[in-house]
Amino acid sequence: MTAPISRLGIALLLAVSAGAGQASAQPQASPEDIVDLNDGIRAYLQGHFEPDPPIYYEEAIERLTAVLERSPDHTTARLFRALSYGQIALIQRAKKDEARDEAAELDQSRQVLDDPTKRERLLADRDRVHARLEEPELDPAERLRLESERTVVNRTVDFLERYESLEPEELENAIVQANARVGEAVSLERQNYAHMLDDARLLVDSLETPDTVLGLLQVIALTKISRLDEIQAFDIKRGAPGAATDGLSPSRLRRAAAANLESAARVLEGQLAGQPINEETIRSRFFLGVIRFRQAVPRRTPDEDPEHDLDRLAQAEALMAELSDWEGTDRRWRSYAELYLGLISAERGANLSDAEQRRASFEAARIHLDRAADLDLIEQEGAAPRSQSNIIPYIVWRQLDLIESYEEAEPAPRYRHDLRLSVQWGAHYDTNVVLLGERTDLPRDIPTERDFGFTLGSVIDYTVDLGTLDDDLKSWSLGLQGRVGQIWHVEIDEFDEQNYGGSAALQYELLPEKETFGPVHLRLQYDYDYALLGRSAFVESQTLTPNVRVYALKRRATTDLFFSYSIRDYREPLFDKRFNRDGEYYRIGLMQSLQLVDLGARYESAGLPAWGLASDDGMRQEDPDYPARYLLPYIGLRYGWDSTEGDEFDQKAYTLTCGAQAPLPYGLTLDAAADFEWQEYAHGSLIDYHRRGRRDFVQRYSVALSRTFVLRGGTLANRYELEMDRVLLTVRAHGSWTFDDSNVVDRQGESIFEYDRAIYGLSFGFTFN
């Protein structure tokens, strides 16, 4: 639907000319300026009526540019030049659409010629449509829809008859030539809209007070450029013949399109702020509704996972409903508003899994589409009604067909039912495997405190939304995990580790997401872990952790409040029961994170790919923000106390945690974190020569550089089924440093609790789900 958006005709010219009176005072015009300005305006107006308008618009641009070179602040010259650029862009768009239609029809002709059954279906469709149009009592709106279908079918048949005599090579050459014309027209259309946007922005900046129509001129250019970027990304993704990449990735094009749409929306929101609906604001409200719909349902190829922003969809629906319901809205604008309400209801229904809700949405879509078709009709005396838009009947026909396909398709997945297996292998170098203290001798039979090590671990996760079992449990989900990990050292096998564990977590959605707040989740998790040191049992622990998680700012801010209670049973041999670490361990904490800024967009604007691989689009299932890449800082506080059966290790601990996850170009991610922990022990240390109370200050730092590769993307629907069709590989280089400063010194001057440790490693992790 483009008719009311893309006409930059005389009506807009006159309206904008009236608004331009608010601009700052014109400079004193020279005789040359007056001549060139008059010739430019004359050429612009002539272009509306002459058979070859590009010549006149180009002459207008040449004359008006001469004025602006001499007088850069001449707003009238800039206004008419912006309009001339817009008219040339529209002409190029018409050429592009004509060439694109020809390429599509040629391609369809090739397919029909290769498959006789397709030809039979095409001719059957033509006969069916023609027969329906012969019915005398046909509803006028239905007649217009069928006439639109007849136009499409007849055009395809005409192309088929025209080209069926061509050799395959000739047909292929004709397709290549048509696609080349598409590329040329797209390039010129984009170029002229970009010039129009530059002039429109300068005009808006020159105003002393905002002007609605000049703002709309800017909005038109932004949305047109956005649409060109969307289509180019779409063509590249689907491998369309002749699709021009211009060195740009689909994700970069889509980012640019989204940024331009949001800029256009901000212009319109500024115009509408505090303004009631009236005749002056109808156009702006409609354009804003269209933009919100485009943001809610971005253009994607059939093999891509759909993205829908339900908040944007609701905003578009509210704007269109307001236009349709207001008594002052004329038939034309109401027809377009009803059309979009139909599109919105259809999209919503396609993404529902509940059969009743899905059926209701599709029925609402049909009602809105029928209203749009009826409102679009203009009665003619002595003749059949005609469409005032010339486009709504076609869109209604296509959308009704699409709704039928939605109804035949499987409903969108609703509840997760997912199984994931992760396997990780790595190698590392540890500078202090045994945590050897300062000025402390190595234990007997331990050759060195430094050693190389290897790790191997695997984790299996199962997640299920309990609504799968019963709709009354739709707010509940259950997660189960089993894990095993091994660490082997080259020389110090006494400190090899084996870890076995499992978890169960039950989550309840207390509050759903509403606008910028929510959802709020309550979570209860149980963990069991059993560890061996060397080849002997070392510690067994059980932990219960209730947690409250609150999302805000459209999930960009996350707050976690948690408490954990752990029982530990150490199996190490003791020479003194006062060193017994068995007991109860408590922790309470608060963690806050915030997606601060989309660095991916910054990289793309600087000419660096945020991701870089075509397969990276498969990250959409892993990362709901894809393709955005946010800088994610976080900070947390934790207080803990340990109550053990012995005396030596009873303590209180205060911990400050901070860090950030920073995306880098080419899909790399840099993680940096720091922990600062102050430990205060309850009793005088049995190790300290003076029996002083132990005080430790522990600093932990870590940094990691990682990259995840999508080896096999899988389909989103299988995250709702027990089917593994997705494979990821994560390569991670990491380093960590620990500094434990303790005041305990034994009678030999050794600080056995004070140590430094560094670990450097590289790991490879495979994830299957």
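**Exercise 1. Salt bridges**

How many salt bridges does the count come to? Describe three of these pairs by distance and exposure.

*Solution.* The model is a predicted one. In it, the count comes to 39 salt bridges.

Step 1. Asp39 pairs with Arg63, and their closest N and O atoms are 4.0 Å apart. This pair links distant parts of the chain, since Asp39 belongs to helix H3 (residues 31-47) and Arg63 to helix H4 (residues 53-70), 24 residues apart. Arg63 has a relative accessibility of 31% and therefore counts as partly exposed. Both residues belong to a network of salt bridges that links Asp33, Asp36, Asp39, Arg63 and Arg70.

Step 2. Arg555 and Glu513 meet through their side chains in a salt bridge of 3.2 Å, N to O. Arg555 sits in the loop between strand S8 (536-552) and strand S9 (557-570), while Glu513 sits in the loop between S6 and strand S7 (517-533); the pair is 42 residues apart and links distant parts of the chain. Arg555 is partly exposed at a relative accessible area of 38%, and Glu513 is partly exposed at 34%.

Step 3. Between Arg692 and Asp688 the closest N and O atoms of the salt bridge are 3.0 Å apart. Arg692, at 36% relative accessibility, counts as partly exposed. Asp688, at 0%, counts as buried.

**Exercise 2. The sides of helix H6**

Determine whether the end-to-end span of helix H6 agrees with its number of residues, and locate its buried and exposed residues.

*Solution.* Step 1. Helix H6 (residues 116-133) has 18 residues, which should span 26 Å at 1.5 Å a residue. The C-alpha atoms at its ends are 26 Å apart, so the two values agree.

Step 2. The buried residues in H6 include Leu122, Val129 and Leu133. They cover an arc of only 35° around the axis and therefore lie on the same side of H6. In an α-helix there are 3.6 residues a turn, so residues three or four places apart point the same way.

Step 3. On the face of H6 turned away from its buried side are the exposed residues Pro116 and Glu120.

**Exercise 3. Helix H15 and an aromatic pair**

Describe helix H15 and explain how the rings of Phe362 and Tyr406 are arranged.

*Solution.* Step 1. Helix H15 (residues 392-408) has 17 residues and reaches 24 Å from its first C-alpha to its last, close to the expected 24 Å. Among its buried residues are Trp397, Leu400, Ile403 and Tyr406.

Step 2. The structure holds 25 aromatic pairs. In one of them, the ring centres of Phe362 and Tyr406 are 6.0 Å apart and the planes stand at 20°, so the pair is stacked. Phe362 lies in helix H14 (residues 355-376) and Tyr406 in helix H15, so the pair ties together parts 44 residues apart in sequence. Phe362 and Tyr406 are both buried.

Step 3. Elsewhere, ring pairs link Phe286, Phe287, Phe293, Trp333, Tyr336 and Tyr340 into a cluster.

**Exercise 4. A nonpolar surface patch**

Which residues form a nonpolar patch on the surface, and which element gives the largest share?

*Solution.* Step 1. The patch is formed by Val423, Trp425, Phe452, Phe454, Leu456, Trp488, Val490, Leu711 and Phe766, with about 830 Å² of accessible area together.

Step 2. Strand S3 (417-430) and strand S4 (451-465) are the elements that give two or more residues to the patch. S4 provides the largest share, three residues.

Step 3. Val490 is placed in the loop between strand S5 (476-489) and strand S6 (497-511). Its relative accessible area is 54%, so Val490 is exposed.

Notes: Residues numbered from 1 in each chain as written. Predicted model: local features only at pLDDT ≥ 70, side-chain atom pairs only at ≥ 80, totals over all residues. Heavy atoms only, no water. Helix = DSSP H or I, 4+ residues; strand = E, 2+ residues; numbered from the N terminus. Expected span 1.5 Å × (residues − 1). Buried < 20%, exposed > 50% of the residue type's maximum accessible area, 1.4 Å probe, protein only. Arc of directions from axis to C-beta. Patch = residues over 30% accessible without salt bridge, like charges linked within 9 Å, V, L, I, M, F, W, Y side chains within 5 Å. Areas by Shrake-Rupley, 256 points an atom, 1.4 Å probe, with all protein chains shown as cover. Phe/Tyr/Trp six-rings, centres within 6.5 Å; stacked < 30°, edge-to-face > 60°.
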